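Here is a walk through one protein chain. Keep the sequence and the 3D view side by side.

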Amino acid sequence: MTAFAVAHLSDPHITTGPLAGEPAVGLHRALGRILALDPRPGCVVITGDLTEAGRRAEYAALREVIAGFPLPLHLMAGNHDDPEALVEAFGGTPLLGGGTSTHYAVEHPGLSVVVLDSKLPGSPAGQLGSGQLAWLEQVLVQRPEVPAVVCVHHPPIALGIPFMDGMRLTDGPELAAVLARHPRVVRVLAGHLHRAILAPFAGSLLAVAPSTYRQSTLTLRADRQMGYLHEPTGLLLHLPVDGAWVTHTVPVSHAAELTGAF
């Protein structure tokens with residue numbers, strides 16, 4: 001096994017005011033759980049819905065929660081986020097790849113992390129658009145021998161929960177066409193569903209991380225109401241083992257393991 005692994009968090013929904021405590025504690029606890037892993041992963045990705053409403057005060061609260069975290073951390077916009085406010089808060093820092101865009105690539109030794117922005121203004125669904133897909137193609141052409149993870153908030157395919165499938169990535173087939181040309185993509189990391197889900201996609205594996213805050217109900221019928229539950233929180237750990245990539249689900253809120261401090 002090589003040393004570089006990716007810890008994958010999602011949907012912390014950080015907010016402010018009377019209801020701010022639980023989302024903040026959930027994210028902080030998950031980050032602490034990562035620090036207790038041995039060996040520690042090479043980087044951490046949070047696949048969107050960083051905040052509840054995309055307000056500047058919420059990004060300020062997020063900054064406080066993650067302050068002092070010692071591992072490389074990559075942030076991504078979700079449908080609850082405001083990309084402009086996200087850049088205002090974290091642009092020019094390593095948290096957004098050192099730049100001022102909400103889609104960016106970070107080249108770690110032995111791994112490329114490619115972060116996309118699927119925010120579609122005015123809609124809970126997602127879209128990348130032709131420009132971002134062309135940019136993705138250009139990034140993946142480089143370092144063809146190096147594994148890559150591609151991160152997008154909205155899952156690009158239906159996953160069996162009708163309510164959420166109705167707000168997936170609208171140009172998922174176009175994304176699949178790009179990724180199919182690049183076998184170095186070992187994982188497609190997503191969030192949005194507040195559940196841990198794995199599915200094959202474009203010659204790779206789509207991995208949806210659970211929320212660090214609360215989980216959605218496993219509502220498999222369109223005629224039944226879905227909602228949110230205080231099921232155990234967790235994260236995904238993606239790591240290379242003997243030439244292949246393996247994904248572990250790591251419990252957080254109900255973990256009988258050590259939690260690190262920062």
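This is a predicted model: local features need pLDDT of at least 70, side-chain atom pairs count only at pLDDT 80 or more; totals for chains, interfaces and linings use all residues.

The chain holds 6 helices and 13 strands. Its C-alpha atoms fill a box of roughly 45 × 45 × 35 Å along the principal axes. How does the radius of gyration agree with that of a compact globule? For 262 residues, such a globule would have a value near 18 Å; the chain has 17 Å, so the two agree.

Burial and contacts come next. Buried residues, those under 20% relative accessible area, account for 55% of the 262. Take contacts between residues at least 6 apart in sequence: 67% of them join residues at least 24 apart. The exposed surface comes to about 10900 Å², and carbon and sulfur atoms supply 57% of that area.

Now the sheet. Six strands form an open sheet in the order β4-β5-β6-β7-β9-β8, with mixed pairing. Strands β4 (104–108) and β8 (197–201) stand at the edges. Each has a single partner strand, so one side of each lacks a neighbour in the sheet. On average, neighbouring strands are turned by 20° against each other, direction ignored.

β8 pairs with β9 (residues 204–208) in the antiparallel sense, over 5 bridges. Here A199 stands opposite L206 in β9.

Two helices complete the picture. Helix α4 (residues 130–141) packs on the sheet and touches β4, β5 (111–115), β6 (148–151) and β7 (185–190). The direction of α4 makes about 175° with that of β5. Helix α6 (residues 172–180) lies across β6, β7 and β8. α6 runs at about 65° to β8.

Definitions and conventions. Residues are numbered from 1 along each chain as its sequence is written. Side-chain values use heavy atoms; hydrogens and water are left out. Two strands pair if DSSP finds at least two bridges between them. Helices (H or I, at least four residues) and strands (E, at least two) are DSSP runs, numbered from the N terminus. Axes are lines fitted to C-alpha atoms, for helices over the stretch in contact, and angles run from 0 to 180 degrees between N-to-C directions. Contact means heavy atoms within 4.5 Å. The radius of gyration is taken over C-alpha atoms; the globule rule is 2.2 Å times the number of residues to the power 0.38. Buried means under 20% relative accessible area, exposed over 50%, partly exposed in between (1.4 Å probe, protein chains only). Accessible areas come from the Shrake-Rupley method with a 1.4 Å probe; for residues, only the protein chains shown count as cover.
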